[in-house]
Protein chains: 2
Amino acid sequence: MVSSSQKDFERLFEISKEIAGLKSVLELLHWDQETYMPKGGGDARSFQIAIVSSRIHKDKTGQRFKGALSKLINLKTGKLKNPRLSYAQKIALREWRKDFLKATKLPNEFVKHFSELTAKATMVWAEARKKNAFSEFLPYLEKIFEMSRKKADFLGYEDHPYDALLDEFEDGMTTKRITPLFTRLKKKLVSFLKEIQTKPRMENGFLQKQFSKEKQIAFGQNILDTLKLQRQFTRLDESDHPFTQSLHPTDTRFTTRVTDIGLMSNIFSVLHEAGHAFYEMGLPADYWGTPLCESISLGIHESQSRWWETLIGKSKAFWLYFYPLLQATFSEKLNHISFDSFYSAIHIAEPSLIRVEADELTYCLHILLRFELEKSLLDGTLKVKEIPEAWKEKMNEFLGIFPPDDARGCLQDIHWSSGLIGYFPTYALGNLYAAQFFEVFETTYPDWETRIKQGDFSFIREWLRTNIHTHGRFFSAEELCRKITKKALSEAPYMGYLKNKYGRLYGLQ
Amino acid sequence: MVSSSQKDFERLFEISKEIAGLKSVLELLHWDQETYMPKGGGDARSFQIAIVSSRIHKDKTGQRFKGALSKLINLKTGKLKNPRLSYAQKIALREWRKDFLKATKLPNEFVKHFSELTAKATMVWAEARKKNAFSEFLPYLEKIFEMSRKKADFLGYEDHPYDALLDEFEDGMTTKRITPLFTRLKKKLVSFLKEIQTKPRMENGFLQKQFSKEKQIAFGQNILDTLKLQRQFTRLDESDHPFTQSLHPTDTRFTTRVTDIGLMSNIFSVLHEAGHAFYEMGLPADYWGTPLCESISLGIHESQSRWWETLIGKSKAFWLYFYPLLQATFSEKLNHISFDSFYSAIHIAEPSLIRVEADELTYCLHILLRFELEKSLLDGTLKVKEIPEAWKEKMNEFLGIFPPDDARGCLQDIHWSSGLIGYFPTYALGNLYAAQFFEVFETTYPDWETRIKQGDFSFIREWLRTNIHTHGRFFSAEELCRKITKKALSEAPYMGYLKNKYGRLYGLQ
């Protein structure tokens with residue numbers, strides 16, 4: 001006989017699975033928009049997205065879901081109403097409740113108003129960036145930060161309004177926790193970068209030539225096949241900005257950007273997005289529709305993409321296997337380039353203006369700059385109109401360069417215009433999580449480089465799957481970090497990794 | 001000041017537009033499934049489709065829509081409650097009411113049960129066809145016809161249960177109206193085919209060679225560009241079975257099947273589906289969400305595809321323009337083939353077993369056979385288990401050939417297993433409508449062949465747009481036919497077209 005609490009759980013699962021179905025439809029709408037949608041279909045697409053999003057929001061906050069959930073858990077106290085459930089089911093209920101409380105905190109009117117504002121602001125921003133006219137974007141950005149402060153009030157926080165926003169993307173992370181971490185990271189990165197800059201710049205001109213697009217795409221696919229990414233559950237396409245969108249663990253799609261000029265952008269995009277895809281594909285499909293088949297946070301997600309892009313994809317062992325194949329594919333351009341020259345070329349570290357083009361070593365500094373600005377904007381110590389000046393000052397402080405204009409400064413990212421405040425830190429957190437996990441991985445597989453050199457990658461994915469992917473939201477990011485590494489998150493492993501690698505490459509040791 | 005009836009109309013429009021949004025999402029789910037979805041994503045896709053379909057059904061039959069509709073029109077009598085609406089608005093209300101009444105006639109339980117049955121039956125059918133085992137499919141098919149009779153009872157009919165089913169696909173068409181039409185058509189086609197069979201078979205072996213897939217795709221795209229199909233509102237992809245799916249007049253997609261062997265299958269698929277696409281793209285986008293931006297019926301839709309595939313795409317003038325280009329593209333294989341040989345080769349008429357491979361002249365006979373069987377199965381004069389024998393008899397009667405097995409006989413089509421009874425006739429109706437419309441078109445543009453020969457096609461599309469597409473469901477199929485041709489639908493124009501063309505080609509005149 002099925003107990004009544006099991007029946008209640010099944011009922012809730014059923015309702016939640018329907019919502020997951022609609023969410024996956026939304027993923028498809030976004031994926032299609034960036035890949036195959038005819039250009040003229042944009043207005044209809046915005047409408048479709050609005051309809052489906054609104055249905056999802058209504059379902060998530062509606063009486064049907066609420067009623068089913070509160071049969072099993074007290075929404076106010078979080079106390080379970082019936083103990084006869086499995087541990088996994090209890091965890092699912094804890095997460096469902098958390099999501100429900102978050103989703104119901106923002107009044108519908110506010111959500112509607114904010115999404116109208118950001119839709120408009122995104123268009124204004126695109127124009128302002130083109131024309132290098134911050135003043136045109138300013139009134140919109142002021143309104144966005146004003147509403148974001150209101151949003152923080154709705155969502156609630158104990159310590160700093162930024163906590164409420166951060167929590168949307170990195171559940172449980174706080175300003176108090178992140179600030180010292182990022183401050184130490186900043187200091188260490190800035191000082192290490194200065195050391196590196198005393199050394200001569202390495203050569204990478206041979207990578208900036210024209211490489212056949214077809215061959216590049218085939219090479220990317222070859223990497224994926226070697227990594228044993230199962231083609232029946234995924235697909236790789238092209239888009240302007242690489243991204244990953246998962247409809248279900250059995251249907252995860254990602255894209256890459258392939259340009260005629262330059263060879264590495266496609267390869268590292270493919271590896272980065274494959275990392276995101278592996279995560280989504282490794283979530284436990286049987287729980288699809290519950291929080292147990294969802295990723296933990298954007299930071300953990302980014303740890304998976306950076307893992308494959310940098311820790312593996314920029315490792316010597318990786319290229320000892322792949323560089324001969326790359327040479328064979330582009331023999332005319334690479335046959336006379338030694339392995340060492342190639343390996344140095346993909347590790348050039350130098351200050352640059354644009355975040356998305358930044359190298360592995362300087363990337364986090366771009367993030368930390370944005371974090372500091374966002375924090376001050378939220379607590380009012382910085383005014384929105386002061387952003388351009390503050391941006392320039394910090395670029396000089398962090399990287400020793402001055403943006404010549406706002407287009408290549410504070411107007412470069414789409415995030416703020418879309419209302420994504422509190423999102424940037426997850427990019428840096430991803431690097432830290434990845435490096436800290438990697439230390440444990442290295443202890444488990446001291447021969448990882450020998451294996452990779454022979455083209456064996458399945459043990460890596462398997463390690464990630466068992467240690468991270470398969471848990472879904474069973475653990476919080478902090479819990480997962482402690483479970484795997486026995487330590488709280490720290491910048492030390494990441495700095496250790498960078499110093500070790502770049503120290504050797506630049507002859508600093 | 002906006003009158004209250006205008007406000008009520010806007011409100012209804014708004015609700016209906018939301019439903020249209022969900023419907024367009026369903027179109028995307030289907031399109032993606034046949035084109036780019038990873039193979040392993042099938043189960044998740046079935047679930048997504050079920051969720052969205054069920055939401056659409058709920059919306060269409062729910063209190064929100066019903067309340068808004070009944071503010072403007074009496075649902076029982078069809079009487080408008082407020083005369084201060086435009087003529088177009090009144091027509092929209094008439095059609096909305098018709099749709100609502102139809103949608104609410106079937107009990108939810110029945111719909112669910114029927115869709116579960118057909119989902120299972122489709123799988124059983126696919127296996128049974130492979131194994132040539134009608135007996136395995138029989139119990140499912142019996143159930144499907146039993147439920148279809150019940151469905152007819154739910155939907156209601158005056159004269160023949162088949163009317164209720166037919167009406168689902170060809171609004172307003174009846175068995176009484178269609179039977180004499182189809183009987184005359186059958187007699188004329190059978191006798192004409194016999195005449196043709198006295199003549200020697202024409203040669204088409206040179207078209208059954210290997211042709212480069214890439215060049216075939218490029219040639220298809222070249223035809224579409226010449227036809228001025230706007231690329232920003234549409235796209236062409238490949239799939240196993242060609243189809244068209246429209247999300248919105250600004251986002252209409254279609255597919256073609258390109259094989260290594262044979263050249264014409266791709267070209268005629270492209271033309272056929274482009275005809276469907278032109279129709280969808282020509283619907284009045286401002287009315288999207290109302291019946292005024294919907295196609296009239298499957299028969300009228302098929303008239304548009306057959307128009308481009310046969311009346312234009314198999315015309316001498318079309319190939320006088322395109323054959324030199326085709327020769328240039330495949331010079332090695334076609335340079336020694338004269339225009340006349342080519343033109344004859346695409347007009348071979350001979351009995352064959354498989355509907356989807358049938359030629360222009362015999363195609364309708366395959367349809368008429370299915371119509372006669374469906375009708376007798378519905379009124380009980382034929383039993384489901386007698387289908388294989390009846391099929392063979394009729395194939396002999398209509399085409400003078402016997403299927404060697406059921407796989408190439410009564411098991412060849414997917415339609416019945418999907419519960420689509422009453423659908424087949426629309427394929428034949430499409431040919432009749434097209435030919436009857438074409439007579440008027442020829443009178444308006446006596447120089448159409450001269451224009452086409454020079455690669456000018458826009459006037460044709462414009463004629464179809466103004467006379468057919470732009471009206472949406474403003475007129476019924478019969479009304480449209482009378483409006484354009486001043487006559488009721490008849491088989492005479494179609495037979496006239498066939499006799500004229502094939503008579504000449506086979507030297508019968």
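**Entry 1**

I started with Lys486(A), which is exposed at a relative accessible area of 67%. My cut-offs, using a 1.4 Å probe and protein chains only: buried is under 20% relative accessible area, exposed is over 50%, and partly exposed is in between. I note that this is a predicted model, where local features need pLDDT of at least 70, side-chain atom pairs count only at pLDDT 80 or more, and totals for chains, interfaces and linings use all residues. Residues are numbered from 1 along each chain as its sequence is written, chains are lettered from A and ligands numbered from 1 in the order in which they are written, and side-chain values use heavy atoms, with hydrogens and water left out.

Lys486(A) sits in the loop between α20 (477–485) and α21 (492–505) of chain A. Helices (H or I, at least four residues) and strands (E, at least two) are DSSP runs, numbered from the N terminus. I looked up the phi of Lys486(A) and found a value near 65 degrees, positive in a residue other than glycine. Most residues other than glycine have a negative phi.

Next I checked Lys228(A). Its phi is also positive, near 60 degrees, and again the residue is not glycine. Lys228(A) lies in the loop between α9 (213–226) and β1 (234–238) of chain A. Lys228(A) counts as exposed, at 52% relative accessibility.

**Entry 1: a buried aspartate**

Is Asp413(A) buried or exposed? Asp413(A) is buried, with a relative accessible area of 11%. I found Asp413(A) in the loop between α16 (387–399) and α17 (425–444) of chain A. I then listed what Asp413(A) touches, leaving out residues up to four places away in sequence: Trp125(A), Arg355(A), Arg370(A), Trp391(A) and Phe424(A). Contact means heavy atoms within 4.5 Å. The side chains of Asp413(A) and Arg370(A) are joined by a polar contact of 2.5 Å. A polar contact is a pair of N or O atoms within 3.5 Å; within protein, one must be able to donate a hydrogen and the other to accept it, and residues adjacent in sequence count only if both atoms are side-chain atoms.

**Entry 2: a serine in a strand**

Ser246(A) belongs to strand β2 (residues 244–248) of chain A. Ser246(A) is buried, at a relative accessible area of 14%. Which side chain makes a polar contact with the side chain of Ser246(A)? I found that of Thr252(A), at 3.0 Å. The Ser246(A) side chain also reaches the backbone oxygen of His248(A) at 3.3 Å. Not counting residues up to four places away in sequence, Ser246(A) touches Glu27(A), Asp251(A), Thr252(A) and Glu280(A).

I moved to Phe438(B), in helix α17 (residues 425–444) of chain B. Phe438(B) counts as buried, at 6% relative accessibility. Beyond its neighbours within four places in sequence, Phe438(B) is in contact with Trp307(B), Leu311(B), Ile312(B) and Trp448(B).

In helix α19 (residues 458–467) of chain B, the buried residues are Phe459(B), Ile460(B), Arg461(B), Trp463(B) and Leu464(B). I looked up what covers them: the cover includes α10 (264–282), α11 (298–312), α17, α18 (448–453) and α20 (477–485) of chain B.

**Entry 3: where the chains meet**

How many residues of chain B are in contact with chain A? I found 36, meeting 36 residues of chain A. The two chains bury about 2800 Å² between them, 64% of it on carbon and sulfur atoms. Buried area is the accessible area (1.4 Å probe) that two parts lose on being put together, summed over both. Tyr36(B), Pro38(B) and Arg55(B) lose the most area in chain B, together 20% of what that side buries.

The rule finds eight salt bridges across the interface. A salt bridge is a side-chain nitrogen of Lys or Arg within 4 Å of a carboxyl oxygen of Asp or Glu. I checked the one between Arg45(B) and Asp251(A), whose closest N and O atoms are 3.8 Å apart. From α1(B) come ten residues, the largest share of the side of chain B that touches chain A.

**Entry 4: the axis**

I superposed chain B on chain A by a rotation of 180 degrees with 0.0 Å of shift along its axis, and the RMSD is 0.0 Å. That is the relation of a two-fold axis. The same surface serves both copies: 100% of the contact residues of chain B recur in chain A. Within chain B, Val25(B) comes closest to the rotation axis, at 3.9 Å (C-alpha).

Technical notes. Least-squares fit on C-alpha atoms with pLDDT ≥ 70 in both.
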